[in-house]
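Reader: Hi, thanks for making time! Could you walk me through this model chain by chain?

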Amino acid sequence: MTPHHTPDAAVTPLRGGADQSPMPALRTFGLSLAYDGHTVVDDLDLEVQRGAVTAIVGPNGCGKSTVLRGLSRLLKPVSGEVLLSAAVSESSGGSGKPVPLRDVWSMRAKEFARRVALLPQTPPVPEGITVVDLVGRGRHPHHSLVRRWSEADDEAIAVAMRVTDTLELAERHVEELSGGQRQRVWIALTLAQDTDVILLDEPTTYLDVAHQIDVLDLLVELNRRRGTTIVMVLHDLNLAARYADQVVALRGGRLVAQGRPADVVDEAFVRSVFGLESRVITDPVAGTPLVIPASRDQLIGPTS
Amino acid sequence: MSSRTRSLTLTGALVVLVGVAVLASITIGSRPVAFGDVVAVLTGNGGDLADRGVVEARIARTAVGLLVGAGLAVAGAAMQGLTRNPLADPGLLGVNAGASLAVVVAISIFGVGTLTGYVWWAMAGAGIAAVLVHALAGLARGGVTPLRLTLAGAAVSAGLASWSSGLLVSSQQSLDSFRFWQVGTIGGRGLDLVITVLPFFAVGLVVVLLAVRQLNALALGDDLARGLGESLLLARAAVALGVAVLCGAATALAGPIGFLGLVVPHVARFVVGADHRRIIPVCLLIGPALLLVADVAGRVVVRPTEVQAGIMTAVVGVPVFVMLVRRGRMAAL
Amino acid sequence: MSAPVAPSVDRAGHPHGRMPRGRDAVEAAAVVALVARARRRPLRRVRLVIAGLVVATGAVVLARVLLGEYTVTLVDFVHILRGETIEAAPGASFIVMEAKLPRALIGALAGAAFGAAGAMFQTTLRNPLASPDIIGISLGASAAAVVALTFFDAQGFVVPLAALAGALAVSLVMYLVARGTSFAGQRMVLVGIGIAALLASVIQFVMTRTSIQDAQAALVWLTGSLNRASWPLIGLLALGIAVLVPALAVNVRRMRLAELGDELSTTLGSPASGARLGLLLAVALSAFATAATGPISFVAFLAGPISRRLTGGRPSLWAAALVGAVIVVASDYLGDYLIPDVNLPVGVVTGALGAPLMLAVVISAGRHGKA
């Protein structure tokens, strides 16, 4: 694939969005995932659109993170398959022709790692290494026994750190950073991996509201400028509705709804996914649906 | 079945188990004595002199087994609760290594040569090592945490073991005495020795039993425990003290016996779940039963000699442990 | 979570995290140069430390050979190495070539193997307690050696071979039990701890069943000493190192990823099974070293943290190996001459001096908020 090394390189916007001709980056058919024989995700047909921001939402324990593990080859499916579209440069770009799909388990580990990156929820922080060293480890899939470090790696790291605004931290030790800084460094690592799909497991956990917005803005900006396909698990439904092009709702390991936030997020949706009464109004800032939950023992007034 | 009848049944079954173990320990041995003769000695109706000696030794041995088995199993359960580490073993507090070094010093420098002499050295060594481990774990900023306790325990144990080796390498005579103490056995101790150490077991058991509620709170993690209003420092110190006294007394009486303190709490947890109010009493019964069974097995496998209980517990315990590791959920570790 | 601190002040002005835009090519090149510089600086320090440690290892080996009760001048040493006989002291050649040099060399080799194996374990398992001493490898070697020494009256080369077989057998059992389970690496370590306890009992049992002379010999073996240094033994150890170290070197990059956790390591293209291969290599390495010298306590445990202190925190397998070599050779020297008329085995010295150092590690790790 062609790496995009400068942030300013004008990349053809690949924004899909649910309204344009659907072009999946990742697709699952009848995907079932289990831990030690205990099924967590059951018969899931999912379509992640290329160049779009997809948010996976659902109640605790619904299998959100497990789906991400399935998509990123961390968990081998019990049945069904996970398919990845050909890379941008291999396919016909935006011409609308069908894009060839490949079973992710047929790919070699590094080949897959050059296409799809994952940021786990709380990766362990290695001791005693600097930020630039950590970000550099994202370059592993681009190396081999013969191909070691090169100028291109430094460039990719520079871009990733510049975009995430972590250049000033370059020589700091990772364990000294604050939570917000650390999260940006982890995102820089996945950017340095230079993939066209990035999966993130609750990238806003443990962050205060300003840093949550910071991180999500950053991800959306990446998506808009580079056409990176982003899939993230979010537990905040309102943030998901605001930032995602596509919302995927799970409950009990099954798909409940899938579509544009404006189309799917309403009171019935919140009730069926979370079992919660609420009112949904229009977010005065973003114009997206805004869920206002009702407390359990309190009746809420009529809609509108 | 209601939970009350269930726990009654369980207690009954365990008591029967201990009874059978005691009976086996008194009637079976490397030197065969007819069952009728054993009964005769027990009821005071004669039996020849040699038989009487054998049976009396077995009674003392059974008493040692009961005390040491109960002490180590309870100390193990308390230790695992205290460090929130299912791998914690009473030996981890440095108790075994401390007692061993003290006995080595007693033998090689002060020429102590009797079991009664070892007892006080072993108790003192165990106590000093336990205090040392706790103090060192608390030196770091932020106070004692389970991980620091584990690390400090391993460090102190390994260091003390090296000092023991250093002393033993240069003195063949000391090694000769020490190697028989080190292997850990419940045989060859008289009832007088048992009575000397008995108060320590009593104190240790009472302290741990009183702290059972605090152990449950500690199991929830420091923050939650603090939130529940338990005084952490006091609870930790009390449990650690109880564990040290129990292990010190057990090691003084029988020498270092491994694995019992590690395995029995796991077995107890299988039977009654995670509540320390149930685990500790169950340990109190399973520990002696297991140790006595291991000891009886050790008496018969290589007749006419014996394999010491300290070795048999490891032989029996390790397969159980490996199975637990293979089956267990790693999240708990 | 705290608000961003000083370095990202300019970010505070852009709460909505706009990407920097409109920078020219010159500035982009400057950024790349900055990244390259920042990346190389710790590497340069690691290289410097390794160079320094190579010199230190050479120096301590040389000191071990030249100094002591029987001193040899550097000039004479060179002559002896060339195979010439020293006129003034015809026995010097024998003492150096059959006693002093083998002892120094085997110490350096075994120390390096222990150091590298320990560092590999600690980084891959992200646990400061994980080292081959604790997980039964050493005890596998010890139990086999003690049985060979006492029950079979094994002599010479048979003992290290038995030890090697024992250590490898233990690692095989660990591997087989943990295979195919989740968190296999951690389970491997736990099984190792259990096997260690079992083997410790076996050793205690053997010790009570043998003559006091055999027990004494076994104890010396168990504490780890360089007394049995000989050229064939050096050959065996060197062979093991020559085969395993290049394989380990290839694994170093996997080890760096293993530090990031199983998930990231896998999605970066290096599945956890790769890290486990590294563990097995480390196990084999420490098996060879233990076979040659017996278990020398604390070297595997301490070499990693000490080398990290030197490199400014960055783990380096080579630095850890060299630190291990320096520790063993220097401790052996101390054990010989520290107390007059008493020759302490090297394992006693490393244990006695190592425990306080280990505690320092525990405490300082706590300072950084990691323990």
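Author: Happy to! In chain B, 54% of the 333 residues are buried, where buried means that 20 or more other C-beta atoms lie within 10 Å of a residue's own, exposed means 12 or fewer, partly exposed is in between, and C-beta atoms are placed from the backbone. Before we go on, this is a predicted model, in which local features need pLDDT of at least 70, side-chain atom pairs count only at pLDDT 80 or more, and totals for chains, interfaces and linings use all residues. Residues are numbered from 1 along each chain as its sequence is written, and chains are lettered from A and ligands numbered from 1 in the order in which they are written.

Reader: Good to know. How many helices and strands are in chain B?

Author: Chain B has 14 helices and zero strands. Helices (H or I, at least four residues) and strands (E, at least two) are DSSP runs, numbered from the N terminus.

Reader: And what share of the contacts in chain B comes from residues 24 or more positions apart?

Author: Among contacts in chain B with a separation of 6 or more, 76% are between residues 24 or more positions apart. Two residues are in contact if their C-beta atoms, placed from the backbone, lie within 7 Å.

Reader: Let's switch to chain A. In what order do the four strands of the open sheet run?

Author: The order in chain A is β2-β1-β4-β5, with antiparallel pairing. Two strands pair if DSSP finds at least two bridges between them. At the edges are β2 (38–49) and β5 (101–103) of chain A, each pairing on one side only. Direction ignored, neighbouring strands of this sheet are turned by 25° against each other on average.

Reader: What packs on that sheet?

Author: Helix α1 (residues 64–71) of chain A does, touching β1, β2 and β4 (79–85) of chain A. The direction of α1 makes about 65° with that of β2(A). For such angles, axes are lines fitted to C-alpha atoms, for helices over the stretch in contact, and angles run from 0 to 180 degrees between N-to-C directions.

Reader: How many bridges are there between β1 and β2 of chain A?

Author: Eight bridges, between strand β1 (residues 24–35) of chain A and β2(A), in the antiparallel sense. One residue to look at is Leu33(A), whose bridge partner in β2(A) is Val41(A). On to β4(A): β1(A) is joined to β4(A) by five bridges, again antiparallel, and Arg27(A) stands opposite Leu83(A). Three bridges then join β4(A) to β5(A), also antiparallel, with Ser85(A) partnered by Leu101(A) in β5(A).

Reader: I also spotted a hairpin. How many residues sit between β9(A) and β10(A)?

Author: Two residues lie between the strands of that hairpin, and Gly252(A) there takes a positive phi near 55°. Strands β9 (residues 246–251) and β10 (residues 254–259) of chain A pair antiparallel over five bridges. Val247(A) has Gly259(A) in β10(A) as its bridge partner.

Reader: Nice. How many residues of chain A touch chain C?

Author: 56 residues of chain A are in contact with 43 residues of chain C. On the chain A side, α6(A) gives the most, with eight residues. By class, that side has 25 nonpolar, 14 polar and 17 charged residues. Here Ala, Val, Leu, Ile, Met, Phe, Trp, Tyr, Cys and Pro count as nonpolar, Asp, Glu, Lys and Arg as charged, and the others, Gly among them, as polar.

Reader: Now chain C itself. At what angle do α4 and α12 pack?

Author: Helix α4 (residues 92–125) and helix α12 (residues 299–311) of chain C pack at about 70°, with axes 7 Å apart. That makes α4(C) roughly perpendicular to α12(C); angles under 35 degrees count as roughly parallel, over 145 as roughly antiparallel, 65 to 115 as roughly perpendicular and the rest as oblique.

Reader: Which residues make that contact?

Author: Among them are Gly111(C), Phe114(C) and Gly115(C) of α4(C), and Phe301(C), Ala303(C) and Gly304(C) of α12(C). The classes are seven nonpolar, six polar and no charged residues.

Reader: Last one: which residues of α8(C) are buried?

Author: They include Ala215(C), Leu219(C) and Trp221(C). Just after α8(C), Gly224(C) takes a positive phi of about 85°.
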